Amino acid sequence: MDKNFQEEQFTGIIKFTPPLYKQRYQFIKDLVGKYKPKKVADLGCADCTLLWMLKFCSCIEVLAGLDICASVMKEKMHRLSPLPADYLQPAERSLTVTLHHGSVAHKDPCMLGFDLVTCIELIEHLEQSELKKFPEVVFGFMAPSIVVISTPNSEFNPLLPGVTLFRHPDHKFEWNRVQFQSWALETARRYDYSVEFTGVGHPPTGMENVGFCTQIGVFVRKYPQTSESAQSEKPTEAVYKTVFKAVYPSLKDEKYLQNAVVSEVIFTAQIIKQSLLDCLMSEHEEYNDDPTERKSKFQPSVNCFSEDLGKLVVEKSMEPFVNGNVVYIPLTTIFSFPKVNRLCGTFEKFCKLIAGKVTLSSDGSAVMFSTEHE
């Protein structure tokens, strides 16, 4: 919950590089890279820094944050909003980010269905009554596939200048390794999880016996959750208050997909058109330079096009042509370009997406561009 209350002031015996809070967040990012969760919730998200880092992980489609202090979330939650670039180039995945105001001692259906739940420097801020309810809420009710809990290791405290009792004035307790592991193992046993212990913030050489500065427990659920157990204790009403929600533009939304496809069609067609006109101009100049080489038609040779387009023209008979002041570019030619093909998947969907968005020939087989001003 607290980010780096005194850690950055530890310039005496201990100085962590990178800072300890960054090491904790990097640990979560590495875990996300390993397990590729689609839905991640951060309990005690505070200023949303971890959520902001995780929104760039391409596997994640749903991010949720929960904190008891709404004002701290609201200070920095704007960082979780989509940027103009996200609208200009929508991602292929969908992404929804939501922040909730509430306590981890209460159950709310909005926190069901997550793959990974993180509790970074959270439990030491809980009152005894909240800590008692915490395992049932997270492991019993939410029951994600993976839970990560980090908390200070009190055995490390004597190495930290200025720390007399606790590292932060809001801490209700700080456990040593035996205390944390005893609590974690009992929690894991009760809710059918396995747990492995690790940490970040290595002790100085010669003092390895104190362990990591931050101790971490990684809990993995042993058995898949059945739909019956997921619904059995689902509360009938929400208790959290939603303070922020952002839905990122995505190519899974047909509106954004259509815009992307139309833009790519126009871009691709303009390249083909310009190549065609350049070839016609070149052949026209050759015609004027050598009147003996008269051609029946002003048709560009395949060599006038790029190598890739040339192959398409030769192999699939998809040759663009000019008629008067209009360039005709077959839809089959445009659809064969890798990016257009990947965006649409099928030719039928391609035709549906561009219908009414670009000018087509009377039979609907080609895109038309005027050359009147060129």
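Predicted model: local features only at pLDDT ≥ 70, side-chain atom pairs only at ≥ 80, totals over all residues.
Pro-18 lies in the segment before α1, which spans 20-35; helices here are DSSP runs of H or I of at least four residues, strands are runs of E of at least two, and both are numbered from the N terminus. A cis peptide bond joins Thr-17 to this Pro-18, with omega at about -5°.

Residues are numbered from 1 along each chain as its sequence is written, and side-chain values use heavy atoms, with hydrogens and water left out.

Let me turn to the backbone. Cys-48 is not a glycine, yet its phi is positive, about 70°. Cys-48 sits in the loop between β1 (39-43) and α2 (49-54), and is buried at a relative accessible area of 1%; buried denotes under 20% relative accessible area, with a 1.4 Å probe and protein chains only.

Glu-121, also not a glycine, has a positive phi of about 55°. Its place is the loop between β4 (116-120) and α5 (128-142). Glu-121 is buried too, with a relative accessible area of 2%.

Finally, the chain as a whole. The protein chain holds 12 helices and 11 strands, and 46% of its 374 residues are buried. Of the contacts (heavy atoms within 4.5 Å) between residues at least 6 apart in sequence, 72% join residues at least 24 apart. The chain exposes about 19,500 Å², of which carbon and sulfur atoms supply 53%, by the Shrake-Rupley method with a 1.4 Å probe.

Definitions and conventions. Buried < 20%, exposed > 50% of the residue type's maximum accessible area, 1.4 Å probe, protein only.
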